[in-house]
Amino acid sequence: MSRERARRRAEREAEQARERAARQRRVARRQRRRALVRRLTPQVRRGRSGRLARHTRGERAAIVLLTAAAVILLWTFVDDLALRIALIALLLLVLPAIVVIALDRRT
């Protein structure tokens with residue numbers, strides 16, 4: 001009787017060992033596959049990125065509105081079309097320097 005129980009227990013333990021090994025192989029395969037997918041997918045940066053990301057929404061709105069106001073003033077008070085275009089181009093060229101000076105940080 002005890003030999004029979006020992007034999008069944010040995011069979012049961014052997015079956016559990018086989019199942020455990022198979023489960024470990026599946027888990028390892030799944031981890032390798034996930035690591036491969038993680039390596040191949042590009043990293044997506046969350047949030048804002050680029051030049052305007054360093055400014056708050058209010059700062060960006062102020063930059064745009066003040067630039068638009070300056071362009072409107074130039075268009076209103078300067079009569080010569082070539083001079084208007086040249087001054088607007090100059091304004092757009094020096095705008096990054098103006099932003100750095102006004103907001104005390106680099107763009």
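A salt bridge here is a side-chain nitrogen of Lys or Arg within 4 Å of a carboxyl oxygen of Asp or Glu. Keep that cut-off at hand for the exercises below, which work through a predicted model.

**Exercise 1. Decide what links arginine 18 to glutamate 15, and where the two residues sit.**

Solution. 
Step 1: Take the closest N and O atoms of arginine 18 and glutamate 15, which are 2.5 Å apart.
Step 2: Compare that with the cut-off of 4 Å. The pair forms a salt bridge.
Step 3: Arginine 18 and glutamate 15 are three residues apart in helix H1, so about one helical turn separates them.

**Exercise 2. Work out which residues are linked in a network of salt bridges.**

Solution. 
Step 1: Start with the general idea: side chains of opposite charge can pair when their charged atoms come close.
Step 2: Look at arginine 8, which forms a salt bridge with glutamate 4, with 3.7 Å between the closest N and O atoms. Both residues belong to helix H1 (residues 2–40) and lie four residues apart, about one turn of the helix.
Step 3: Now turn to arginine 7. Its salt-bridge partner is glutamate 11, and here the closest N and O atoms are 2.5 Å apart. This pair is also in helix H1, four residues apart, or about one turn.
Step 4: Arginine 8 is at 42% and glutamate 4 at 34%, while arginine 7 is at 40% and glutamate 11 at 44%. Arginine 8 counts as partly exposed, as do glutamate 4, arginine 7 and glutamate 11.
Step 5: Glu4, Arg7, Arg8 and Glu11 are linked in a network of salt bridges, and the structure holds four salt bridges.

**Exercise 3. Describe the lining of the largest pocket by element and by residue class.**

Solution. 
Step 1: Get the overall layout. The protein chain has three helices and zero strands, running α-α-α from the N terminus.
Step 2: Note the volume of the largest pocket, about 180 Å³.
Step 3: Find the contributing elements. Helix H2 (57–77) and H3 each supply at least two lining residues, and H3 gives the most, with six.
Step 4: Name some of the lining residues. Among them are Glu59, Ala62, Ile63, Thr67, Leu91, Leu95 and Val99.
Step 5: Sort the lining by class. It divides into nine nonpolar residues, one polar and one charged.

Key
Residues numbered from 1 in each chain as written. Predicted model: local features only at pLDDT ≥ 70, side-chain atom pairs only at ≥ 80, totals over all residues. Heavy atoms only, no water. 1 Å grid on protein atoms, 1.4 Å probe; cavity = no way out; pocket = protein on both sides within 12 Å on 5 of 7 lines; lining within 4 Å. Points joined across faces, edges and corners; volume = space filled by probe spheres on them. Nonpolar A, V, L, I, M, F, W, Y, C, P; charged D, E, K, R; others polar. Buried < 20%, exposed > 50% of the residue type's maximum accessible area, 1.4 Å probe, protein only.
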